[in-house]
Amino acid sequence: MTNLQESLRRELLRTNRSGAYSCSTIVDCNTRKYHGLLVVPVPELDDENHVLLSSLDVTVIQHGAEFNLGLHKYQGNHFSPNGHKYIREFDCDKVPTTIYRVGGVVLKKEVVFQHYEDRILLRYTLVDAHSATTLRFRPFLAFRSVRQFTHENGTASREYHPVTNGIRTCMYAGYPDLYMQFSKKNEFVFQPDWYRGVEYPKEQERGYASNEDLYVPGYFEMNIKKGESIVFAASTSSISTTSLKNLFEEELQERAPRDNFFHCLVNAAHQFHKREKEDRYLLAGYPWFKCRARDTFISLPGLTLAIDEQDYFELVMNTAMRGLREFMHGEKLSVSIYEIEQPDVLLWAIWAIQQYAKFVGKEACYEKYGALVDEIVQYVLNDKHPNLHPDESGLVYSNGRDRAVTWMNSTANGRPVVPRSGYIVEFNALWYNALKFAAAMYSDQGKESDAALLEEHAERCKNSFVNTFLNEYGYLLDYVDGNMMDWSVRPNMIFAVAFDYSPLNQEQKKSVLDVCTRELLTPKGLRSLSPKSGGYNPMYVGPQTQRDYAYHQGTAWPWLGGFYMEACLKLYRRTRLSFIERQMVGYEDEMNYHALGTISELFDGNPPFHGRGGMSFAMNVAEILRTLNLLEKYTYQK
């Protein structure tokens with residue numbers, strides 16, 4: 001904790017399951033513009049999150065001597081006030097807990113984010129003290145979008161209003177009031193000032209502007225006795241201060257322990273939950289991701305079914321199903337899901353339903369989602385999708401030359417970095433899988449003529465798939481567009497091996513899997529491009545353009561590793577169990593790095609495989625959970 005080179009690389013994320021979050025490093029020094037003690041959506045302004053309360057500095061006062069426990073980085077690599085030097089202990093097994101020692105004073109701080117409310121709660125307990133002790137709390141306010149910075153200005157309102165045991169204030173019109181309240185009476189001293197030149201090193205690394213000024217309206221001060229606890233609440237609404245201690249305790253009891261790898265992942269899975277009135281969503285990740293359609297369907301089985309949370313699967317699917325039907329009917333979307341128009345989204349929805357069928361049984365699945373599967377298949381077959389066209393070969397075609405249409409969606413200068421277009425390998429693996437699943441559904445329901453028709457389409461698709469994608473070197477072309485064939489060795493071919501219905505025979509599957517093992521496999525998932533292919537760029541570092549060109553050109557992605565491991569188990573069954581268990585160790589290590597207890601968006605494709613990008617990524621967490629679930633099934637299989 002006292003070594004900033006180590007501690008500033010480790011981040012902590014807490015969410016309220018309604019889109020708001022609290023995030024910083026483990027020493028409470030913000031290193032990203034996305035960091036903040038209270039970061040909330042403000043739908044009245046835009047669809048971004050906004051940092052209201054950036055941080056809260058606590059000062060211990062004894063005999064007139066002040067010891068500030070805060071930490072900020074300023075320009076010139078200057079850290080102040082160096083409160084991390086007083087940290088003696090830290091753990092986050094249940095909630096983030098920090099023990100500070102200042103001479104004879106031992107102060108414990110615990111943090112929880114109230115579920116479904118935009119309210120962060122901090123509890124300070126004076127564990128030990130040999131003389132009278134006073135605590136001073138100084139809030140640093142930002143009131144800005146996570147994508148911008150705030151700077152000293154004359155527009156910011158300095159006005160504040162007393163509320164029970166605290167104040168409420170709002171820096172700019174359009175924002176909600178920020179309520180800062182304590183469980184104990186205190187004195188608020190109005191002492192407005194700007195702290196200038198706060199610097200965020202993570203933004204510097206990424207080639208962005210990295211400085212801002214933060215507004216401090218003054219400070220709260222109160223005495224504290226040995227053994228006493230004081231709870232601080234920051235929120236967009238008022239609360240009865242007499243309830244704060246009980247509320248903190250209730251929230252604390254609800255927290256699941258993070259005492260092992262699996263529990264960390266379950267906790268991370270819950271952080272992606274988002275509730276908007278009656279609708280339920282899955283965020284694609286933190287800190288900058290929205291609810292994206294493809295990510296939703298890929299991550300849904302792992303984040304719900306793999307941890308026995310069927311209810312949440314159904315809640316999310318009910319919301320998403322409404323959006324899918326609105327899209328297919330050409331209606332305005334009533335759901336907050338982005339990129340629902342992408343060509344493979346409908347097919348990933350069928351894949352997610354297919355996983356649900358394994359969990360609850362075919363009959364229950366068909367009853368709930370059979371009509372949707374039928375609608376999607378007919379929608380695609382009848383060529384109604386704006387960019388997913390079936391043709392006489394049985395394959396589906398998408399135009400991705402000018403706009404990224406696959407998960408490899410990085411762009412530079414307005415054009416896709418990887419312009420995957422035409423017959424795209426995973427789109428057609430998905431299409432074949434969807435046709436076969438729908439045919440099996442019809443057959444189970446006694447609709448033999450409908451089933452036979454789809455089997456015909458599937459057979460045509462299967463023959464064309466092998467003829468189009470399988471090459472003489474035993475792996476699959478990434479995409480074929482007229483005379484253009486992409487011979488790059490990429491991980492998108494793994495889906496044709498992993499899906500329940502594959503157009504490949506056993507020998508072909510093994511050949512594809514072997515190429516993936518030799519050229520793409522890392523301890524952090526599959527590389528997005530083989531080192532032997534042209535343009536290999538495994539290090540996701542540098543300014544935005546440089547990172548855009550590396551994003552899918554060799555970086556490793558754990559969610560792809562999930563499908564790779566599923567393919568291994570399907571082909572080699574229990575003989576590969578120990579191999580996959582060893583692969584899991586590579587992810588277990590990540591629980592103590594980057595964002596504690598979760599998995600980063602992507603990793604460098606070369607050793608030491610540093611985590612990069614977003615601090616927590618839904619598809620990665622989901623596929624690791626799904627792999628653990630598959631491991632368990634194959635381990636206990638007779």
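**A buried pair to start with**

Both E11 and R32 are buried. They also form a salt bridge, with their closest N and O atoms 2.7 Å apart. Keep in mind that this is a predicted model.

**Salt bridges**

- E11 sits in strand β1 (residues 11-15) and R32 in the loop between β2 (21-25) and β3 (36-41), so their bridge ties together parts that are 21 residues apart in sequence.
- The count of salt bridges comes to 38.
- Another one joins E228 to K184, where the closest N and O atoms are 3.1 Å apart. This pair links distant parts of the chain, 44 residues apart: E228 is in the loop between β17 (211-224) and β18 (229-235), and K184 is in the loop between β15 (178-182) and β16 (187-199).
- E228 counts as buried because its relative accessible area is 19%, under the 20% cut-off. K184, at 24%, is partly exposed.
- E455 and K436 meet through their side chains in a salt bridge of 3.0 Å, N to O. E455 belongs to helix α10 (residues 448-469) and K436 to helix α9, 19 residues apart.
- There's a network of salt bridges too, linking K358, D500, E566, K570, E623 and R626.

**A charged residue without a salt bridge**

- D57 is found in strand β4 (residues 49-62).
- D57 is buried but has no salt bridge, and the nearest side chain of opposite charge, R138, is 6.2 Å away.
- What D57 does have is a polar contact, side chain to side chain, with H72 at 3.0 Å.
- Leaving out residues up to four places away in sequence, D57 touches several others, including N68, P81, R136 and F140.

**Strand β10 and its partners**

- Eight of the nine residues of β10 (residues 105-113) are buried.
- On one side of the pairing story, β9 (residues 97-102) runs antiparallel to β10, joined by six bridges, and R101 stands opposite V106.
- The β9-β10 hairpin has two residues between its strands, and G103 takes a positive phi near 60°.
- β10 also pairs with β11 (residues 119-128) in the antiparallel sense, over eight bridges, with E110 opposite R123.

**Nonpolar cores**

- The largest nonpolar core has 154 residues, and I494, W559, F563 and Y564 touch the most other members. Helix α9 (residues 425-444) gives the most to this core, with 13 residues.
- A second, separate core has 51 residues, among them L38, L52, V58 and Y215.

Notes. Residues numbered from 1 in each chain as written. Predicted model: local features only at pLDDT ≥ 70, side-chain atom pairs only at ≥ 80, totals over all residues. Heavy atoms only, no water. Buried < 20%, exposed > 50% of the residue type's maximum accessible area, 1.4 Å probe, protein only. Helix = DSSP H or I, 4+ residues; strand = E, 2+ residues; numbered from the N terminus. Pairing = 2+ DSSP bridges. Lys, Arg positive; Asp, Glu negative; His and termini not counted. Salt bridge = Lys/Arg side-chain N within 4 Å of Asp/Glu carboxyl O. Polar contact = N/O pair within 3.5 Å; in protein donor to acceptor, adjacent residues only side chain to side chain. Contact = heavy atoms within 4.5 Å. Core = buried A, V, L, I, M, F, W, Y, C linked by side-chain atoms within 4.5 Å.
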